[in-house]
Amino acid sequence: MDCKGVPSSEDYFEFIVEYSTIIEDVKKRFATDCVIPISNRFSVAYVPKKGQTVFRSSDYEYNSIPRCFGLMDTAVMEEIGVAQVKRAGLDLSGSGVLVGMIDTGIDYQNRVFQYEDQSSKIYSIWDQTIENEEGKAIFDYGTEYTKEEIEQAIQSKEPFKVVPSTDTSGHGTFLASLIGGNLSEENGFTGVAPDVQLIIVKLRQAKDYLKEFYCLDPSYEAYAETDMMLAIRYITLVAQKLKKPIVLFIGMGTSLASHLGTGPLDQYLSTLAPLKGTAIVVSGGNEGQSRHHYSGIVTENASRVELKVGPSEYGFTVELWGMPPNAFYVDIESPSGQRTGRIAGGLRGQREVSFLLEKTRLIVDYFTVDAVAGAPGIVMRFQHPAQGIWNIYVTDDHMGSREFDLWLPISNFLSEDTFFLESNPFNNLVAPGNASALICVSNYNSNNGSIYIDSSRGFPRNAIHPDFAAPGVEILGALPRNRFGRKTGTSVSGAIDMLKEMTLKLIQPELKIISSGEQKETLQKLIQIRNGDLER
């Protein structure tokens with residue numbers, strides 16, 4: 001079957017499917033003819049809705065349902081050591097290195113992404129939001145724009161007739177400028193590595209049914225895991241074609257995870273990270289003060305978790321995760337006192353409850369052991385939750401570890417009036433930042449040297465993260481329409497830190513033309529700078 005137009009159609013559900021090289025098995029299992037491979041482990045299956053508005057989650061494995069990701073934010077060169085490198089006489093500016101950006105797009109007309117002759121630093125743009133009939137789709141949707149077309153558009157009097165891709169948010173443009181923007185003396189700005197070449201993917205918004213499944217307000221900016229994984233595949237294919245090293249940066253995250261790095265996106269990135277010439281940097285998140293994480297231990301009686309819900313909350317999802325071989329159960333009490341009773345079952349199941357006085361609908365999915373995380377989990381989806389204090393009573397089977405964690409969505413997906421009354425301020429890194437093979441970046445204030453209060457904190461249960469902290473408070477960067485502004489967040493610090501910490505990968509192509517003696521001297525200088533021994 002030709003999948004053209006299917007991935008972008010609202011008439012299809014999409015699922016992440018693990019398979020063992022035989023696509024026909026996936027087609028048969030999901031009753032569809034449209035399956036797009038991502039790697040030799042993961043694929044995306046597009047299943048016709050056939051009049052349904054939502055699927056029954058209990059019919060699918062936890063990791064097959066794409067998660068929704070959100071954006072991680074709302075004097076630096078000296079602080080991170082880039083200025084010292086330049087003063088040391090090392091001509092290391094990222095030449096020969098590709099940087100892959102998966103975000104809200106880019107303002108390709110901005111002068112910080114152009115050389116003096118108006119040639120572009122952008123090798124290509126895959127805009128997932130634009131459909132055309134010229135055979136330029138990638139994975140059967142969106143449109144790819146080449147460097148030649150981008151440069152033609154820059155020279156044109158009507159650039160958007162040539163390349164209509166834009167960045168209405170400004171988030172992607174800002175991060176790309178921190179990484180590879182030109183020097184702008186009048187604005188006191190320069191990117192970390194101005195000679196890198198950019199590969200840009202503008203993500204489309206998650207489909208309406210997926211937002212509704214996770215009880216997200218339709219107005220929220222949310223991005224589907226499937227689109228992100230296909231974006232990564234596109235970037236790696238371009239890097240392979242050009243035979244250049246690639247640094248991949250993702251400034252998005254989600255709290256809907258086991259926090260063990262076991263989600264499909266986490267696992268896919270973890271298989272790419274060890275490859276030669278590949279570096280992956282992800283944002284730790286801005287959940288430090290959100291009060292969206294609860295950590296507890298089941299006592300002889302049920303442990304009570306108090307969840308305050310603010311007024312006019314559209315909906316949200318709460319996930320509970322424990323440790324095997326124990327099994328956990330919940331009994332949920334509404335503000336008016338109506339209780340669900342103990343929700344328990346076999347290896348996997350679902351229960352729906354309507355709270356009559358609150359006019360709230362609750363869907364609870366439970367699984368004794370998630371196949372990938374190897375841990376028991378419970379997913380609670382609240383539709384139109386009533387304002388007030390909700391109580392979640394947690395019990396277990398008294399086997400092994402009785403510790404458990406609950407997570408609410410990231411701050412972008414909730415009002416500030418919804419939180420756990422007795423929250424735990426640790427272990428709130430967002431996925432995929434929990435995967436041990438990835439470089440996870442947190443955020444500090446370079447003005448006073450303190451950790452930024454909203455920066456997410458470790459540690460995951462299976463790794464020591466975050467790896468680094470970088471400046472990320474009120475950082476200057478480029479905005480659409482040749483403007484400059486300031487932003488704060490770990491996507492900002494991640495963009496700054498990715499090239500600082502990847503120095504050896506970035507200079508690798510440049511070192512090829514240096515004699516062995518000069519290589520040794522260069523590396524010695526880099527070590528001195530890193531250790532703070534070289535005069536600033």
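Hi everyone. First, some ground rules. This is a predicted model, where local features need pLDDT of at least 70, side-chain atom pairs count only at pLDDT 80 or more, and totals for chains, interfaces and linings use all residues. Residues are numbered from 1 along each chain as its sequence is written, and side-chain values use heavy atoms, with hydrogens and water left out. When I say helix or strand, I mean a DSSP run, numbered from the N terminus: H or I with at least four residues for helices, E with at least two for strands.

Let's begin with the inside. In soluble globular proteins, nonpolar side chains tend to be buried together. The largest nonpolar core here has 47 residues, and W126, L230, I232 and Y234 have the most contacts inside it. Helix α8 (residues 225–242) supplies the largest share of this core, nine residues. Apart from it lies another core of 36 residues, including I106 and L198. By core I mean a set of buried Ala, Val, Leu, Ile, Met, Phe, Trp, Tyr and Cys residues joined through side-chain atoms within 4.5 Å. Buried is under 20% relative accessible area, exposed is over 50%, and partly exposed is in between, with a 1.4 Å probe and protein chains only.

Take L230 as an example. Leaving aside its neighbours within four places in sequence, L230 is in contact (heavy atoms within 4.5 Å) with I36, I38, V44, Y46, W126, F139 and Y141.

Next to that list in sequence is our opening residue. D140 is not a glycine, yet its phi is positive, about 70°. At 27% relative accessibility, D140 counts as partly exposed. N427 also has a positive phi without being a glycine, about 55°, but N427 is buried, with a relative accessible area of 8%.

Now please find helix α9 (264–272). Seven of its nine residues are buried, so α9 is largely enclosed by the rest of the structure. Those buried residues pack against β1, β3 (42–48), β4 (68–71), α8, β10 (246–250) and β12 (278–283).

On to a sheet. Six strands form an open sheet in the order β13-β21-β15-β19-β18-β17, with antiparallel pairing; two strands pair if DSSP finds at least two bridges between them. Why is one side of β13 (293–297) and of β17 (348–355) left without a neighbour in the sheet? Because each stands at an edge, with a single partner strand. For β13, five bridges join it to strand β21 (residues 403–407), and the two run antiparallel. Within that pair, G296 stands opposite F404 in β21.

Finally, two cis peptide bonds. One runs from P324 to P325, with omega near 5°, and P325 is in the loop between β15 (315–322) and β16 (328–333). Another runs from G458 to F459, with omega near 10°, and F459 is in the loop between β24 and β25.

N462 is found in the loop between β24 (450–451) and β25 (468–471) too. N462 and S436 are 26 residues apart in sequence and 7.6 Å apart in space, C-alpha to C-alpha. Leaving aside neighbours within four places in sequence, N462 is in contact with H259, L260 and N434.
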